[in-house]
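The sequence and the structure come next.

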Amino acid sequence: MADITVRGAGIMGLMCAWVLTRRGAKVQVLDPYGVAAGASGGIVGALAPHVPENWNSKKAMQFHALDRAEALWAEIAQVGGTDPGYGRTGRLQPLNDEAGEVLARQRAETAKDLWEGKYTWRVVSRDDIVMDVHSATGLFIHDTLTARIHPKQACSSLSAALRTRGVPILREAQTKGIEIRATGAADLAETSEMLGKSVGAPIKGQAALFRCDLRKAPQVFADGLHIVPHADGTVAIGSTTEREFEDPKGTDALLEPLIDKARATLPALAAAPVIQRWAGLRPRARSRAPMVGPHPTRKGAFIANGGFKIGLAMAPVVAEMLADLIMDGEDRIPDLFRPEASL
């Protein structure tokens, strides 16, 4: 039985621990700040696919992760007895001009093959949807692959399942056996400093949470803004993309235009109160794909990092690739995901 220490109790680290434990490894998780203290403690949770065209390894692996997510999170919830807030509720994207409609209809055809006939991407009219959403053309893209999850609840659900399986989640302890580092923005910064060049960067995001019960409604994605109805009667919106910032966890005036835009896009939010504002640093690798494999600066260790906006969705496939490598010696990591792609 392999001894493995996972450093980082965010979504990447916890998912690595879960998959490795299921594969028979003896695992401990270490994080001095506790579960979901970083980007994984967010509120948005859009498990949304890339557009179905120009297919590559990242898009293919993301599709397979999204496809398997329902069964995965159902198992985790059952084992730990804690709801992660998962639901495959679909997504609406307003179409604002004729060119966008033409492109959307083209993508509807490619989705039939790329999404293996399991999910649809189609153009619908206002008469076809059950909620009031602003669209300049009255048309929308509706896809049935997109799902939602509450990030912090998902991490709580994972940690509960891990503890049920006997995996300790500690704030400090000695490293045992093989080390996996899944410490997000901090490790990207440290690795960049050690190499003398950037392998990635922390990107600040700000988000807000409304009290508004739309739990059965689809998500809305409008001009870069995610609007995600959660199962607990809240609606999350976000997020900003800030490369320069002074306060990594402070919200400020940059969030207000997003709140205004959300209310204009989805009238149900017009009078809904904002009950939480959130900010944090999301780790983005230079390759813009998660970094998976041998750690570039720590001999004998492995890395699972750089998920940025798709980390929640990609964590299961990242964990599976690392488990294959560590437990079976099977390397199936695509070149785009290898740490070398960001060096």
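How much space lies in the largest cavity? The volume of the largest cavity is about 30 Å³. The structure is a predicted model, and the values below are computed from it.

## The cavity

The count of cavities of 30 Å³ or more comes to one. Its lining is made up of Leu47, Ala65, Leu66, Ala69, Trp73, Leu312, Ala313 and Pro316. By class, these lining residues are eight nonpolar, no polar and no charged.

Two elements each supply at least two residues of this lining: helix 2 (57-80) and helix 7 (311-328). Helix 2 gives the most, with four residues.

## The second largest pocket

The second largest pocket has a volume of about 180 Å³. Helix 1 (11-22), helix 2 and helix 7 are the elements that give two or more residues to its lining. Which of the elements gives the most to this lining? Helix 2 does, with five residues.

The residues that line this pocket are Trp18, Val19, Arg22, Arg23, Ala65, Arg68, Ala69, Leu72, Glu75, Pro316 and Glu320. By class they divide into six nonpolar, no polar and five charged. Ala65, Ala69 and Pro316 line the second largest pocket and also belong to the lining of the largest cavity.

Strand 6 covers residues 139-143 and is mostly covered, with five of its five residues buried. Which residues of strand 6 lie on each side? Leu139, Ile141 and Asp143 are on one side, and Phe140 and His142 are on the other. Both faces of the strand are covered, as the residues on either side are all buried. In a regular strand, side chains alternate between the two faces of the sheet.

Strand 6 pairs with strand 4 (residues 91-95) in the antiparallel sense, over five bridges. Strand 6 is also joined to strand 5 (residues 121-125) by five bridges, and these two strands run antiparallel. Phe140 in strand 6 has Pro94 opposite it, and Val124 also stands opposite Phe140. Phe140 itself is one of the buried residues of the strand.

How values were computed: Residues numbered from 1 in each chain as written. Predicted model: local features only at pLDDT ≥ 70, side-chain atom pairs only at ≥ 80, totals over all residues. Heavy atoms only, no water. 1 Å grid on protein atoms, 1.4 Å probe; cavity = no way out; pocket = protein on both sides within 12 Å on 5 of 7 lines; lining within 4 Å. Points joined across faces, edges and corners; volume = space filled by probe spheres on them. Nonpolar A, V, L, I, M, F, W, Y, C, P; charged D, E, K, R; others polar. Buried < 20%, exposed > 50% of the residue type's maximum accessible area, 1.4 Å probe, protein only. Pairing = 2+ DSSP bridges.
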